[in-house]
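Open the model in your viewer and keep the selection tool at hand.

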Amino acid sequence: MSDTLRFWLAALIAAFASVVTALLSVYSYQQYGWVLFIFSPTLMGVLTVLVYSPNNEKSFGKCLLASTCSLLLVGFGLLIIAFDGIICLLMAAPFGWVLNLFGVVIGRGIASLIRNTCAKNYVSVLLVVDR
């Protein structure tokens, strides 16, 4: 898979996951809380790194750029469907970007753990135990 395709695929998957979590938070639980404003941008950062650079082979800057594109896709999508006003988006953007950056750091940490063979087994056990 080409680098450009993987870049945009990671951004789209992370944006989709963020939209799904936001919709669940707002419409299922009727809450505009932690999930919407904290978890969603952080999740975008983590997922972007895990899809774009699962073996931690991409630079931090490229991962951050892909994650920022994901954040921008969600922002433009919200603006297009008039879900939120431009003023609200502009006010939330800096906080969302910082949380997205935090997600990239977490994602790179997870990717570097997965790169280690011993950690792969540990993560697999955690996923099985979680189910």
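This predicted model holds one salt bridge. Select K58 and D3 to see the pair. The closest N and O atoms are 3.0 Å apart. Side chains of opposite charge can pair when their charged atoms come close. Now trace the chain between the two partners. K58 sits in the loop between helix 2 and helix 3, while D3 belongs to helix 1. The pair links distant parts of the chain, 55 residues apart.

Is K58 buried or exposed? K58 is buried, because its relative accessible area of 17% is under the 20% cut-off. D3 has 32% relative accessibility, so D3 counts as partly exposed.

Next, the nonpolar patch. Select L72, F76, L79, I80, I81, I86, I87, L90 and M91. Together they make a nonpolar surface patch of about 980 Å². Helix 3 (60–80) and helix 4 (86–115) each give two or more residues to the patch. Pick out L79, in helix 3. L79 counts as partly exposed, because its relative accessibility is 35%.

Last stop: the largest pocket. Rolling a probe the size of a water molecule over the atoms shows where empty space is left. The largest pocket holds about 930 Å³ of space. Select V74, G75, L78, L89 and A92, the lining residues nearest its centre. Which elements supply at least two residues of the lining? Helix 1 (3–28), helix 2 (34–52), helix 3 and helix 4 each do. Colour the 34 lining residues by type: 27 are nonpolar, six polar and one charged.

Terms used:
Residues are numbered from 1 along each chain as its sequence is written. This is a predicted model: local features need pLDDT of at least 70, side-chain atom pairs count only at pLDDT 80 or more; totals for chains, interfaces and linings use all residues. Side-chain values use heavy atoms; hydrogens and water are left out. Patches are made of residues with over 30% relative accessible area and no salt bridge: like charges are joined within 9 Å, nonpolar side chains (Val, Leu, Ile, Met, Phe, Trp, Tyr) within 5 Å. Accessible areas come from the Shrake-Rupley method with a 1.4 Å probe; for residues, only the protein chains shown count as cover. A salt bridge is a side-chain nitrogen of Lys or Arg within 4 Å of a carboxyl oxygen of Asp or Glu. Helices (H or I, at least four residues) and strands (E, at least two) are DSSP runs, numbered from the N terminus. Buried means under 20% relative accessible area, exposed over 50%, partly exposed in between (1.4 Å probe, protein chains only). On a 1 Å grid over the protein atoms alone, a cavity is a set of points where a 1.4 Å probe fits but cannot get out, and a pocket is an open set with protein on both sides within 12 Å along at least five of seven lines; lining residues have an atom within 4 Å of a point. Grid points are joined across faces, edges and corners, and a volume is the space filled by probe spheres set on the points. Ala, Val, Leu, Ile, Met, Phe, Trp, Tyr, Cys and Pro count as nonpolar, Asp, Glu, Lys and Arg as charged, and the others, Gly among them, as polar.
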